[in-house]
Amino acid sequence: MGDAFRRCQRGQPDRTFLFQPADRRDRGQAHVPEISPWPAAARRPRAPERAWPLAHRPEAAGTARRIARAVLAQWRVTDETAGTVLLTVSELVTNAVEHAEPPLHLRLSRAPDTRRVRIEVCDGGPAATEGGWTASRTRGEHGRGLQVIDRLTAAHGDRAEPERAVHWADVAVAA
């Protein structure tokens, strides 16, 4: 099992956005520009972050919404933002159950400096066959989840990492 996957399981911060020159990758050190003597992580406020494993089954979307609802209440986000986050969580988890291999994890974080909630769904990568629900439907009955996410979120995307795929979305926090 790869280090990136274990970090996702433990809910550790994602460091894929830091530039890592080849000479530092082997030692696991991220490049920090010479503007400050402090590491980049020490200069930024820590975002509250949590991660949960989910069963790779259709019920996972409902479980993920319940988890997200509880976290959003603790973070005191507005009802409008919560509704957007919950729909996005549901779409990302459903896509993972229908189109990806297990394992499945949900990670939520909130960055105070960007005023966004980040949703990440980690899965085992693309499945060889479609899930039961998708396979039993015509093309017109499914396939709009990413269009919904595109309309609702400030940004979204995915990235492949060893032994997993990470699908993420950022939802702007209403003032």
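Student: In what order do the elements of the chain run from the N terminus on?

Tutor: This is a predicted model. Its elements run α-α-α-β-α-α-β-β-α-α-β-β. That comes to seven helices and five strands.

Student: What makes α5 roughly antiparallel to α7?

Tutor: Take the angle. The axes of α5 (residues 79–99) and α7 (residues 145–152) cross at roughly 150 degrees. Angles over 145 count as roughly antiparallel. Therefore α5 is roughly antiparallel to α7. The two axes come within 10 Å, and the crossing is left-handed.

Student: Which residues of α5 and α7 meet?

Tutor: From α5, Thr84, Leu87, Thr88, Glu91, Leu92 and Asn95. From α7, Gly145, Leu146, Val148, Ile149 and Leu152. They divide into six nonpolar, four polar and one charged.

Student: Which residues touch the most other members of the largest nonpolar core?

Tutor: Val89, Val93 and Leu106, out of 28 residues. At least two residues each come from α4 (60–75), α5, β2 (104–111), β3 (116–123) and β5 (164–172).

Student: How do you know that Val93 touches residues beyond its sequence neighbours?

Tutor: Set aside residues up to four places away in sequence. Valine 93 still touches Leu54, Ala60, Ala61, Ala64, Leu104 and Val121. A contact here needs heavy atoms within 4.5 Å.

Student: How much of the chain counts as buried?

Tutor: 38% of the 175 residues. To count, a residue needs under 20% relative accessible area.

Conventions. Residues are numbered from 1 along each chain as its sequence is written. This is a predicted model: local features need pLDDT of at least 70, side-chain atom pairs count only at pLDDT 80 or more; totals for chains, interfaces and linings use all residues. Side-chain values use heavy atoms; hydrogens and water are left out. Axes are lines fitted to C-alpha atoms, for helices over the stretch in contact, and angles run from 0 to 180 degrees between N-to-C directions. Helices (H or I, at least four residues) and strands (E, at least two) are DSSP runs, numbered from the N terminus. Angles under 35 degrees count as roughly parallel, over 145 as roughly antiparallel, 65 to 115 as roughly perpendicular and the rest as oblique. A crossing is left-handed if the near helix is turned anticlockwise from the far one by less than a right angle, and right-handed if clockwise. Ala, Val, Leu, Ile, Met, Phe, Trp, Tyr, Cys and Pro count as nonpolar, Asp, Glu, Lys and Arg as charged, and the others, Gly among them, as polar. A nonpolar core is a set of buried Ala, Val, Leu, Ile, Met, Phe, Trp, Tyr and Cys residues joined through side-chain atoms within 4.5 Å. Buried means under 20% relative accessible area, exposed over 50%, partly exposed in between (1.4 Å probe, protein chains only).
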